[in-house]
Amino acid sequence: MKRRVGLKVHAQAPGLDQIPEALLPLLVLRSWLDLSGVEIASLVVAFILLEVVLSHFLFRLHIREQPY
């Protein structure tokens, strides 16, 4: 998707990277986990926030080349 909107391989695209990564498994497991739409939305937001925080933490530990 990033290439289609003209972004480079490692370009930052907040949400565009994380939303499908979090949303697809939640939708697949929705009935098994008995999740509501609000719970799925909350988990997607929590996933994005955790990704940002963890990314900066890994950058400070010199595990990542750049923070997200």
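This is a short walk through one protein chain, from its overall form to single residues.

The model is predicted. Begin with the secondary structure. The chain has three helices and zero strands. Read from the N terminus, the order is α-α-α. Helix α1 covers residues 18-28, α2 covers 30-33, and α3 covers 37-60.

Now look at the overall dimensions. The C-alpha atoms fill a box of roughly 40 × 30 × 15 Å along the principal axes. The radius of gyration of the chain is 14 Å, whereas a compact globule of 68 residues would have one near 11 Å. How much of the chain is buried? Of its 68 residues, 18% count as buried. The accessible surface comes to about 5,500 Å². Carbon and sulfur atoms make up 67% of that surface.

Take the contacts in the chain with a separation of 6 or more: 29% of them join residues 24 or more positions apart. The chain carries 7 positive and 6 negative side chains. The centres of these two sets lie 11 Å apart.

Which residues of α1 are buried? Gln18, Ala22 and Leu26 are buried there. Seen down the axis of α1, the buried residues fall within an arc of 25°, so they line one face of the helix. An α-helix has 3.6 residues a turn, so residues three or four places apart point the same way. Turn to the other side of α1, and Glu21, Leu24 and Val28 are exposed. What covers the buried face? The cover over the buried residues of α1 includes α2 and α3.

Follow the chain on to the loop between α2 and α3, where aspartate 34 is found. Its backbone is worth a look. Phi of aspartate 34 is near 55°, a positive value in a residue other than glycine. Is aspartate 34 buried or exposed? Aspartate 34 counts as exposed because its relative accessible area is 66%, and exposed means over 50%.

Alanine 46 has 40% relative accessibility, so it counts as partly exposed. How far is alanine 46 from tyrosine 68? The two are 22 residues apart in sequence, and their C-alpha atoms are 16 Å apart in space.

Serine 55 also lies in α3. Its relative accessible area is 2%, and the cut-off for buried is under 20%, so serine 55 is buried. Which residues does serine 55 touch, leaving aside its neighbours within four places in sequence? It is in contact with Arg64, Gln66, Pro67 and Tyr68.

The last stop is histidine 62, in the segment after α3. Phi of histidine 62 is near 65°. That is again a positive value in a residue other than glycine. Histidine 62 counts as exposed because its relative accessibility is 72%.

Gln18, Ala22 and Leu26 are buried in α1, and serine 55 is buried in α3. Aspartate 34 is exposed in the loop between α2 and α3, and histidine 62 is exposed in the segment after α3.

Definitions and conventions:
Residues numbered from 1 in each chain as written. Predicted model: local features only at pLDDT ≥ 70, side-chain atom pairs only at ≥ 80, totals over all residues. Heavy atoms only, no water. Helix = DSSP H or I, 4+ residues; strand = E, 2+ residues; numbered from the N terminus. Rg over C-alpha atoms; globule rule 2.2 N^0.38 Å. Buried < 20%, exposed > 50% of the residue type's maximum accessible area, 1.4 Å probe, protein only. Contact = heavy atoms within 4.5 Å. Areas by Shrake-Rupley, 256 points an atom, 1.4 Å probe, with all protein chains shown as cover. Lys, Arg positive; Asp, Glu negative; His and termini not counted. Charge placed at Lys NZ, Arg CZ, Asp CG, Glu CD. Arc of directions from axis to C-beta.
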